[in-house]
Amino acid sequence: MIAYLEKLFLTIVDAVARTLIYNTNAPKVGAVFRNVPYALDDSKQRMDIVCPAGDSRRPIIVFIHGGGWVSGNKDNYLRLCKCYAREGYVVFSINYRLAPRFPFPLPLHDIALAIEWIVLHASEYQGDPTRLVLAGDSAGAHMAAWFAAGLRERQLFDNTTIKSSLSPNDVKGLLLFYGIYNLKTLKETGFPGIWSAAKAFLNGASEELASPIYSIDSSFPPSFICCSERDWLCSQSLELAQQLEEKGVLHETMVFSKNQYPEACHPFMELYFLRCSKQAFKASITFLPTVLGHMECE
């Protein structure tokens, strides 16, 4: 019951904020395709596709929204996706089925289905599937990291009946904003309401199985990790960064100081006008060529 009430409250807040705040003053892009189905089982299995101007093949960003697995919507990130498209990326922004009704691993089944669809249809939108990056914030960052880990540790997919034709090297990098990577230590963060949401998501599943941090090796994709000291989830990002450091994985960690950036609270990437959001976006754009190579058009 608590998770459903939390879901209702967050859904109302999102609906108001996306109208009044999140998507105002968006840049112009080449084209936007809304609510494209990647599966037919549920109305949530839809994505937005945001294309830069021009007709040359461009690298791909697959963006997975946050919301504690129980709420959130791709519609909150339309402006952010347009900003990435303005920089020359084709952005596929995914909705997925939500807990409590659809617990782990069903949202990750949707992520896998969506990525399969994107690889198959990318060329129709001038996307280059050989240059693909996964991105997400909060629970979306969790699922991006989990999927990337599963490509390398196939036991994760086997244990959750997820199918994927992608190889470990098909995901070139990750953009991870204030994510969740270790459900075993999540309760210790003190994030209000996060543990009730996590329990609704897990629905009795193993915390370790649902945590990407336990399946990271040296082949994990290069990662941009961004968080804020004022965010309860900051320790999750620092824990991931330490694990990547120990495994020798290329990564960049951007942590906003609570003294210099008092505005940098969870989830700041939706609030594009904040100084921290602008700097985080710019840093992620600077990071991408290190994993994708040059941005010259084919």
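# Cavity, helix pairs and a pocket

The largest cavity has a volume of about 30 Å³.

Guide: This is a predicted model, where local features need pLDDT of at least 70, side-chain atom pairs count only at pLDDT 80 or more, and totals for chains, interfaces and linings use all residues. Residues are numbered from 1 along each chain as its sequence is written, and side-chain values use heavy atoms, with hydrogens and water left out.

Visitor: Which residues line the largest cavity?

Guide: A cavity is a set of points, on a 1 Å grid over the protein atoms alone, where a 1.4 Å probe fits but cannot get out; lining residues have an atom within 4 Å of a point. Here the lining is Cys51, Pro52, Ala53, Gly54, Ser56, Arg58, Val90, Tyr125 and Gln126. Five are nonpolar, three polar and one charged. (Ala, Val, Leu, Ile, Met, Phe, Trp, Tyr, Cys and Pro count as nonpolar, Asp, Glu, Lys and Arg as charged, and the others, Gly among them, as polar.)

Visitor: How do the axes of helix 3 and helix 4 cross?

Guide: Two packed helices are described by the angle between their axes and the distance between the axes. Helices are DSSP runs (H or I, at least four residues), numbered from the N terminus. Axes are lines fitted to C-alpha atoms over the stretch in contact, with angles from 0 to 180 degrees between N-to-C directions. The axes of helix 3 (residues 106-121) and helix 4 (residues 139-152) come within 10 Å and cross at roughly 70°. That makes helix 3 roughly perpendicular (65 to 115 degrees) to helix 4.

Visitor: Which residues make the contact?

Guide: Contact means heavy atoms within 4.5 Å. Helix 3 brings Pro107, Leu108, Ile111, Ala112 and Ile115; helix 4 brings Met143, Trp146 and Phe147. Eight are nonpolar, none polar and none charged.

Visitor: What about helix 2 and helix 8?

Guide: The axes of helix 2 (residues 78-86) and helix 8 (residues 275-292) come within 11 Å and cross at roughly 40°. Leu80, Cys83, Tyr84 and Arg86 of helix 2 meet Phe281, Ser284 and Ile285 of helix 8.

Visitor: Which helix gives the most to the lining of the second largest pocket?

Guide: A pocket is an open set with protein on both sides within 12 Å along at least five of seven lines. The second largest pocket has a volume of about 210 Å³. Of its 13 lining residues, Arg79, Cys83, Tyr272, Lys278 and Phe281 are the closest to its centre. Helix 2 gives the most, with four residues.

Key: Helix = DSSP H or I, 4+ residues; strand = E, 2+ residues; numbered from the N terminus. Points joined across faces, edges and corners; volume = space filled by probe spheres on them. Parallel < 35°, antiparallel > 145°, perpendicular 65-115°, else oblique.
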